[in-house]
Amino acid sequence: MVAETKYYLTKEGFEKLSRELEKLKEQKKIIMEEEAPDIADLHGPDAEYLTFQEDLGFVERRLEEIEAILKNCEILKPPPKHKRHIVHLGATVEVEINGQKDEFTIVTPIEADPMAGRISHESPVGKALLGRSIGEKVIVQSSIRAEYKIKKIKYNK
Amino acid sequence: MTKIVDFLLEIEKARRTKKQIFVNNKPIKTRTIADHAFLEAIFVFVYARLNNLDADKMIKMVLVSNLYQSCENEQEWRHMISLLPKNTKEEIKKLNQQTLNGKTKLSRVAQEIVKIEKIIHLKKKNLLLYSQILDKEIRNPQILKIKKALVEKIDAHKQTSQEDLYDKIAQFLLGVSFLQSFKRRGWVMTGVRDVETVAQHTFHLTIASWILGEKKGLDPNKTMKLGLIHDLCEIYAGDQTPYDPLKKISKDILKKPARIPKNKKIEWLIKKKQKEWESLKRTTELLPREIANEIKNLWVEFEERLTKEGRFVYQLDKVENVFQATHYWLKDKEFPIVPWWVRIKEVVDDKLLLDLIAQLDEKFKYHLLKLNGPQK
């Protein structure tokens, strides 16, 4: 028997996917009833685009994917208080990179959106930050050297 | 993977080499091969969908024939494709033969489309002459109608008729042709010379998405199309950069990896997406609904990284920027390459793409190491 993939989601990520799932279900119903409206307006970023989808195959594939994720997911909980000075999955880390400040939330690949500050724990920077604590300097290895100094670590309750 | 890195660096020549058109046996230089290839690929995509033809194959034919033209001789071409995995190399060889022979229906149609795409870049006198030549060469009645509509628009600024499909397609193509001269703002801001156009970037990404999508075991036709349409949203939205929230942008900011506060970044991202979405709707509304929807679906799939293919091409788009930055840096060692190398390690998590970056790093390691300065 093949073990099912376990997905780790932040609370926000879980809520976002749940909203998308509901919208997709509504959309599927509309398409099935052949009352697909003209392209609806965009109401916000990310999954809200899906309100316009008219391609049943696309909607069904995405529905299946989200259902599989939500069925096999675990919502990330903050670590116990004495471990909150360490970067775990779901942590928001304030760093200083070669002298400049930035902030990343470390998430799994399905939630990653580096433009919005959510970086994947499988990216070289995400990987390097995991397990490190406040005050540590993390070097991301490649020919060009980048130093990430951990200033603060926060966890959403 | 080292060979694929070399291939991706080699295809840069399509961005440098200008395409020639012969009007009454006189050569006229227009835009670069990559610029033309982009619009030709969009054109064949729309045409194929309109006529239930194999769009994937036609797009590939156009890409391959342009890569072939970017090589100075057969030897250079053979070397270029020798860098590819065996299956891809064989497919490309076969597609190129079919296009050169013009014996299949698809290759004939693709060739005719390639001929009329150039019309968009001709000035009045040459336009009319070239148009007459084409009347004798083009057999396909639909393509002739699109050609006629294009000539009327360029020559006489004819308004678009909402009833005439070919007129609307001609207008769509003219809109898309804007990306052949639209320089990417991120590079403009760094002050480089010879800034690439959105069309040139797209050409490079489309080929990389096809080749690497295949290597990754994804649907290569899907990854290729995602690459092809990913920047169509910029026709009316422009090329927005993450530095836009900064009130003042100086070259010094770009030399260091400029970091934007998270809240400003998210605010900018929401506005950017809305603007691009509106732009894409406006661009595609000239097309039949099914084709417009397919383009919009592909774009959302890319932009929101909804599928394996969407996630892969989204990251590859960023990797392509590192390749382009490398070209600028190789030409001018003052070019601020460091931020591109720092950022890419935050953005990419795909194993194959990380390997690609590692190989690129390895290739230029000797020179890149010198950029670190003294270590504390």
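**Exercise 1. How many helices and strands does chain B have?**

Solution. Before counting, note that this is a predicted model, where local features need pLDDT of at least 70, side-chain atom pairs count only at pLDDT 80 or more, and totals for chains, interfaces and linings use all residues. Residues are numbered from 1 along each chain as its sequence is written, while chains are lettered from A and ligands numbered from 1 in the order in which they are written.

Step 1: take helices (H or I, at least four residues) and strands (E, at least two) as DSSP runs, numbered from the N terminus. Step 2: count them, and chain B gives 20 helices and two strands.

Step 3: check the overall form. With a radius of gyration of 21 Å, close to the 21 Å of the globule rule for 376 residues, chain B is as compact as a globular protein of that length. Here the radius is taken over C-alpha atoms, and the rule is 2.2 Å times the number of residues to the power 0.38.

**Exercise 2. Work out how H3(B) and H10(B) are oriented, and which residues join them.**

Solution. Step 1: helix H3 (residues 33-50) of chain B packs against helix H10 (residues 165-177) of chain B at about 155 degrees, with the axes 10 Å apart. Axes are lines fitted to C-alpha atoms, for helices over the stretch in contact, and angles run from 0 to 180 degrees between N-to-C directions.

Step 2: the angle makes H3(B) roughly antiparallel to H10(B) (under 35 degrees is roughly parallel, over 145 roughly antiparallel, 65 to 115 roughly perpendicular, the rest oblique).

Step 3: find the contact (C-beta atoms, placed from the backbone, within 7 Å). H3(B) supplies Leu39(B), Ile42(B), Phe43(B) and Val46(B), and H10(B) supplies Ile169(B), Leu173(B), Val176(B) and Ser177(B).

Step 4: sort these residues, which gives seven nonpolar, one polar and no charged. Ala, Val, Leu, Ile, Met, Phe, Trp, Tyr, Cys and Pro count as nonpolar, Asp, Glu, Lys and Arg as charged, and the others, Gly among them, as polar.

**Exercise 3. Describe the side of chain B that touches chain A.**

Solution. Step 1: 33 residues of chain B are in contact with 37 residues of chain A.

Step 2: helix H16 (262-284), helix H17 (289-303), helix H19 (338-347) and helix H20 (351-369) of chain B each give two or more residues to this side. H16(B) provides the largest share, nine residues.

Step 3: by class, this side of chain B has 16 nonpolar, four polar and 13 charged residues.

Technical notes
Contact = placed C-beta atoms within 7 Å.
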